[in-house]
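Colleague: I am new to this structure. Could you show me how to read its helices and its core?

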Amino acid sequence: MKQIDYKLVGQKVKQMRNKNNYTQEMMAEMCDISTSYLGHIERGSRKLTLETALKIATCLHISLDALVIDGLGQSESLVFNLQAVLDKKDKEKQNQLIRIIKVLIQHIDEL
């Protein structure tokens, strides 16, 4: 089972908040949460609820998955994204894509 890294999620929240030139107070008010709670979220010291994550993502003009997927860690995020692509293809296409990926991995340093 995948575990969410709340510190990574918090870092993303802080980074995006700063990119949008929001203070913690401004963003907390827009999300209808306390400034203290937002600070805890940004430090990863408190877990955020799904409802709060949706409020934050909406406030930051990003999708909920964009907010949370990075919190899975880079390797899990890559696997998650690849799986999402493969799930849309039939079994034969999935096998073809996997073979292509294996060839690319073998020759990645040559690119």
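This is a predicted model: local features need pLDDT of at least 70, side-chain atom pairs count only at pLDDT 80 or more; totals for chains, interfaces and linings use all residues.

Colleague: Which residues of helix 2 are buried?

Modeller: In general, an α-helix has 3.6 residues a turn, so residues three or four places apart point the same way. Here, helix 2 covers residues 24–31, and its buried residues are Met27, Ala28 and Cys31. Viewed down the axis of helix 2, these buried residues fall within an arc of 100°, so they line one face of the helix.

Colleague: What covers the buried residues of helix 2?

Modeller: The cover includes helix 1 (6–19), helix 3 (35–43) and helix 4 (50–59). After helix 2 comes Asp32, which has a positive phi, near 60°.

Colleague: How many residues does the largest nonpolar core have?

Modeller: In soluble globular proteins, nonpolar side chains tend to be buried together. The largest nonpolar core in this model has 18 residues, and Val13, Met27 and Ile56 have the most contacts inside it. Helix 1, helix 2, helix 3 and helix 4 each give two or more residues to this core. Its largest share, four residues, is from helix 4.

Colleague: Which residues is Ile56 in contact with, leaving aside its neighbours within four places in sequence?

Modeller: Ile56 is in contact with Val13, Met27, Cys31, Leu38, Ile41, Leu48 and Leu67.

Colleague: Does Glu42 count as buried or exposed?

Modeller: Glu42, found in helix 3, counts as buried because its relative accessibility is 7%, and the cut-off for buried is under 20%. Apart from neighbours within four places in sequence, Glu42 is in contact with Gly10, Gln11, Val13, Lys14, Arg17 and Gln24.

Notes: Residues are numbered from 1 along each chain as its sequence is written. Side-chain values use heavy atoms; hydrogens and water are left out. Buried means under 20% relative accessible area, exposed over 50%, partly exposed in between (1.4 Å probe, protein chains only). The arc is that of the directions from the helix axis to the C-beta atoms. Contact means heavy atoms within 4.5 Å. A nonpolar core is a set of buried Ala, Val, Leu, Ile, Met, Phe, Trp, Tyr and Cys residues joined through side-chain atoms within 4.5 Å.
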